[in-house]
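Reader: I'm new to protein structures and would like to learn how to read one. Could you walk me through it?

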Amino acid sequence: MEQYTNKKTSSASMENISLLYDSLKKEILSGQIDTVIESGTFLGLGSTSTIAQVFSDLNRRPQFLTLEASWINWTKARKNLKKYQFVNPVWGKSVPRDEAIAFIQNDELLKNHKNYANIYIDGGDDPTAFYLREISGEFGLSRFSFINKYYKKKEEKDRPEFFQGENLLRKYLLKFKHKNPLILLDSCGGIGFLEFNIVIGTMKDAPFYLILDDINHIKHFWSYEHIKNDPSFRIITLNTDAGWVFAQKIR
Ligand SMILES: C[S@@+](CC[C@H](N)C(=O)[O-])C[C@H]1O[C@@H](n2cnc3c(N)ncnc32)[C@H](O)[C@@H]1O
């Protein structure tokens, strides 16, 4: 695999997102999308703001939840997203911590990453440790990981009124299953395929829209393979250079 930091343009946020704006606008209008569930807010300035802006320009106010595991990112995102009052940034984990750890420790792609060419990965020689830190809410802060670990625990304990817990992706998928939601998966690189399988397993035959970021990366390499080979998915827009796909599950 290739280190993601060696990619010509490597960014934590979704890239070349203006292309997505137009196709989203069309689908929001024709498909009547009024529910959004996103995993991986980061600072709220990439995918979250782009999608929110489309709704805002159409004068629509969707039910819009975006999940972020890091307290620091979440507090910044809350400020950055204030102008979109319909966006609800949630501090918590998309997937139960133990399930995420087990997935990262047993993932064949991660264990044998040296055998796969042309897929991006993070974390140098130890991607497993890198992704385990990320699901703990330490994304972008690894230089200070010791200090962060202390604060992370303190934050969750000290602020129970803000921390929404774990397993939030399943919780909100079940709540909005029959609302034809737009689901965007862009959280931790090591659990992208786990989140994708949770979506497939929870939504079953219910229709939904799906945006995956990082399809050239370990995050959504397998998820995108699934979509390409499953006739119940219609690909609406694909940007292979930037590494994202916008699709619809029809039946
Ligand atoms: C690649 S960034 C998201 C970028 C964002 N979508 C954008 O376009 O700007 C991934 C984010 O997911 C967060 N994250 C990691 N694991 C998570 C989890 N289990 N649940 C929720 N957020 C998580 C990280 O803290 C990080 O801020």
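Predicted model: local features only at pLDDT ≥ 70, side-chain atom pairs only at ≥ 80, totals over all residues.

Reader: Is Asp 214 buried or exposed?

Author: The cut-off for buried is under 20% relative accessible area. Asp 214 has 8% relative accessibility, so it counts as buried. Skipping its neighbours within four places in sequence, Asp 214 is in contact with Tyr 4, Asp 186, Lys 219, His 220, Phe 221 and Gly 243.

Reader: Okay, now the sheet. In what order do the strands come?

Author: It is an open sheet of 7 strands, ordered S4-S3-S2-S6-S7-S9-S8, and the pairing is mixed. Strands S4 (87-91) and S8 (233-239) are at the edges with a single partner strand each, so one side of each has no neighbour in the sheet. On average, neighbouring strands are turned by 15° against each other, direction ignored.

Reader: Which strands run parallel, and which antiparallel?

Author: Take a parallel case: S2 (residues 35-39) and S6 (residues 182-185) are joined by 4 bridges. In that pair, Val 36 stands opposite Leu 182. For antiparallel, look at S7 and S9, joined by 6 bridges, where Asp 213 is opposite Trp 244. S8 and S9 also pair in the antiparallel sense, over 6 bridges, and there Arg 234 faces Gln 248. S8 and S9 form a hairpin with 4 residues between them, and Gly 243 in the turn has a positive phi of about 85°.

Reader: Which way do the side chains of S9 point?

Author: The general idea first: in a regular strand the side chains alternate between the two faces of the sheet. In S9, Trp 244, Phe 246 and Gln 248 point one way, while Val 245, Ala 247 and Lys 249 point the other way. Since 6 of the 6 residues of S9 are buried, this strand is largely enclosed by the rest of the structure.

Reader: What about a residue in S7, such as Phe 208: buried or exposed?

Author: Phe 208 sits in strand S7 and counts as buried, because its relative accessibility is 0%. Phe 208 and Pro 181 are 27 residues apart along the chain, yet their C-alpha atoms are separated by 5.2 Å. Not counting residues up to four places away in sequence, Phe 208 touches several others, including Ile 183, Val 199, Met 203 and Phe 233.

Reader: And how do I read helices that pack together?

Author: Look at the angle between their axes. Helix H8 (residues 168-175) and helix H9 (residues 192-203) have axes that come within 10 Å and cross at roughly 30°. Angles under 35 degrees count as roughly parallel, so H8 is roughly parallel to H9. The crossing is right-handed. Leu 169, Arg 170, Leu 173 and Leu 174 of H8 meet Glu 195, Ile 198, Val 199, Thr 202 and Met 203 of H9. By class, the residues in this contact are 6 nonpolar, 1 polar and 2 charged.

Reader: At what angle do H4 and H9 pack?

Author: Helix H4 (residues 97-106) packs on H9 at an angle of about 120°, with the axes 9 Å apart. That makes H4 oblique to H9. Glu 99, Ala 100 and Phe 103 of H4 make the contact with Phe 193, Leu 194 and Ile 198 of H9. Here the classes are 5 nonpolar, no polar and 1 charged.

Key
Residues numbered from 1 in each chain as written. Heavy atoms only, no water. Axes fitted to C-alpha atoms, helices over the stretch in contact; angles between N-to-C directions. Helix = DSSP H or I, 4+ residues; strand = E, 2+ residues; numbered from the N terminus. Parallel < 35°, antiparallel > 145°, perpendicular 65-115°, else oblique. Left-handed = near helix turned anticlockwise from the far one by under 90°. Contact = heavy atoms within 4.5 Å. Nonpolar A, V, L, I, M, F, W, Y, C, P; charged D, E, K, R; others polar. Buried < 20%, exposed > 50% of the residue type's maximum accessible area, 1.4 Å probe, protein only. Pairing = 2+ DSSP bridges.
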